Amino acid sequence: MDLSKYIRDIHDFPKPGILFKDITPLLNDPAATTACLEQLIELLQGKKIDKVVGIESRGFFFATLLAQKLNAGFVPIRKPGKLPHKTIQRSYALEYGDDHIEMHEDAIQQGDLILLHDDVLATGGTAKAACELIEHLGGVIVQCNFLMELEFLNGRDQIAAYDVQSVLKF
Ligand code: AMP
């Protein structure tokens, strides 16, 4: 199944000059969602995962599906002020702005095998900050996987130390 036809290009969102990759048509189609989940699982090639870390908010959709499929826990990485318990933070640069992300300080235990997931790898700043949070808590990053990678932004250079995989490349 060609999943690229389920990704909708939105010009100038959320800012002029940004070509936003909208995954809602894919989520709207159960066969495409299933096929996408299967491809993400295949990228792992049977590697054992204890926890899937998903990045707010579009990373949550497939991160939770992956966690259930892998019989792993799910850990949310969220924007500032959203998580109720004690958190650790990292700042990062986005393709369109600056921000920081947070994770619960007890979400990962030393030696946990981690799959990091997000919908889009753009400049790689968010994924890099997420990897720093995971490793700060002693997690071992087995793979970083994405629905799609915007190759012209070279985001994988930021997380070159890890196994980086994506279902679609643009
Ligand atoms: P970056 O830190 O630049 O790799 O940005 C990755 C994060 O921003 C992901 O959580 C994406 O959901 C979002 N993002 C960045 N660029 C785009 C884009 N062109 N279309 C959709 N989402 C994007």
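Me: Which strands form the open sheet, and in what order?
Reply: In this predicted model, 5 strands form an open sheet in the order β4-β3-β7-β8-β9, with parallel pairing.

Me: Which strands stand at the edges?
Reply: β4 (73–77) and β9 (164–169) do. Each has a single partner strand, so one side of each is left without a neighbour in the sheet.

Me: And what does the twist average from one strand to the next?
Reply: The twist averages 20° from one strand to the next.

Me: How many bridges join β3 and β4?
Reply: β3 and β4 pair over 5 bridges in the parallel sense. Within that pairing, Val-53 stands opposite Val-75 in β4.

Me: Now β7. Which strands is β7 joined to, and by how many bridges?
Reply: On one hand there is β3 (residues 51–55), joined to β7 by 4 bridges and running parallel. On the other there is β8 (residues 140–149), also parallel, joined to β7 by 8 bridges.

Me: What are the residue partners there?
Reply: Val-52 has Leu-115 in β7 as its bridge partner. Towards β8, Asp-118 stands opposite Phe-146.

Me: Is β7 largely enclosed or open?
Reply: Largely enclosed by the rest of the structure, because 7 of the 9 residues in β7 (residues 113–121) are buried.

Me: What unit do β7, α4 and β8 make?
Reply: A right-handed β-α-β unit, with helix α4 (residues 125–136) as its helix. α4 lies across β3, β4, β7 and β8, and runs at about 165° to β7.

Me: Which residues of α4 are buried?
Reply: Gly-125, Thr-126, Ala-127, Ala-129, Ala-130, Cys-131, Leu-133 and Ile-134. They pack against β3, β4, β5 (87–94), β6 (97–104), β7 and β8.

Me: How far apart are the end C-alpha atoms of α4, and what span should it have?
Reply: They are 17 Å apart. At 1.5 Å a residue, the 12 residues should span 16 Å, which agrees. Just after the helix, Gly-138 takes a positive phi of about 90°.

Me: Same question for α2: what should it span?
Reply: α2 (residues 30–44) has 15 residues, which at 1.5 Å each should span 21 Å. Its end C-alpha atoms are 22 Å apart, and that agrees.

Me: What caps the N-terminal end of α2?
Reply: Asp-29 does, with a side-chain oxygen 3.0 Å from the backbone nitrogen of Ala-31. Just after α2, Gln-45 takes a positive phi of about 50°.

Me: Which residues in α2 are buried, and what covers them?
Reply: The buried ones are Ala-32, Thr-33, Ala-35, Cys-36, Leu-37, Leu-40, Leu-43 and Leu-44. The cover includes α1 (24–27), α3 (59–70), β7, β8 and β9.

Me: Changing topic. Where does Ile-23 lie?
Reply: Ile-23 lies in the loop between β2 (19–22) and α1.

Me: Does Ile-23 count as buried or exposed?
Reply: Ile-23 counts as buried, because its relative accessibility is 2%, and the cut-off for buried is under 20%.

Me: What is Ile-23 in contact with?
Reply: Leaving aside neighbours within four places in sequence, Ile-23 is in contact with Ile-7, Arg-58, Phe-61, Asp-119, Leu-147 and Met-148.

Me: And how far apart are Ile-23 and Asp-106?
Reply: Ile-23 and Asp-106 are 31 Å apart in space, C-alpha to C-alpha, and 83 residues apart in sequence.

Definitions and conventions. Residues numbered from 1 in each chain as written. Predicted model: local features only at pLDDT ≥ 70, side-chain atom pairs only at ≥ 80, totals over all residues. Heavy atoms only, no water. Buried < 20%, exposed > 50% of the residue type's maximum accessible area, 1.4 Å probe, protein only. Helix = DSSP H or I, 4+ residues; strand = E, 2+ residues; numbered from the N terminus. Pairing = 2+ DSSP bridges. Right-handed = clockwise from strand over helix to strand, strands pointing away. Axes fitted to C-alpha atoms, helices over the stretch in contact; angles between N-to-C directions. Contact = heavy atoms within 4.5 Å. Expected span 1.5 Å × (residues − 1). Polar contact = N/O pair within 3.5 Å; in protein donor to acceptor, adjacent residues only side chain to side chain.
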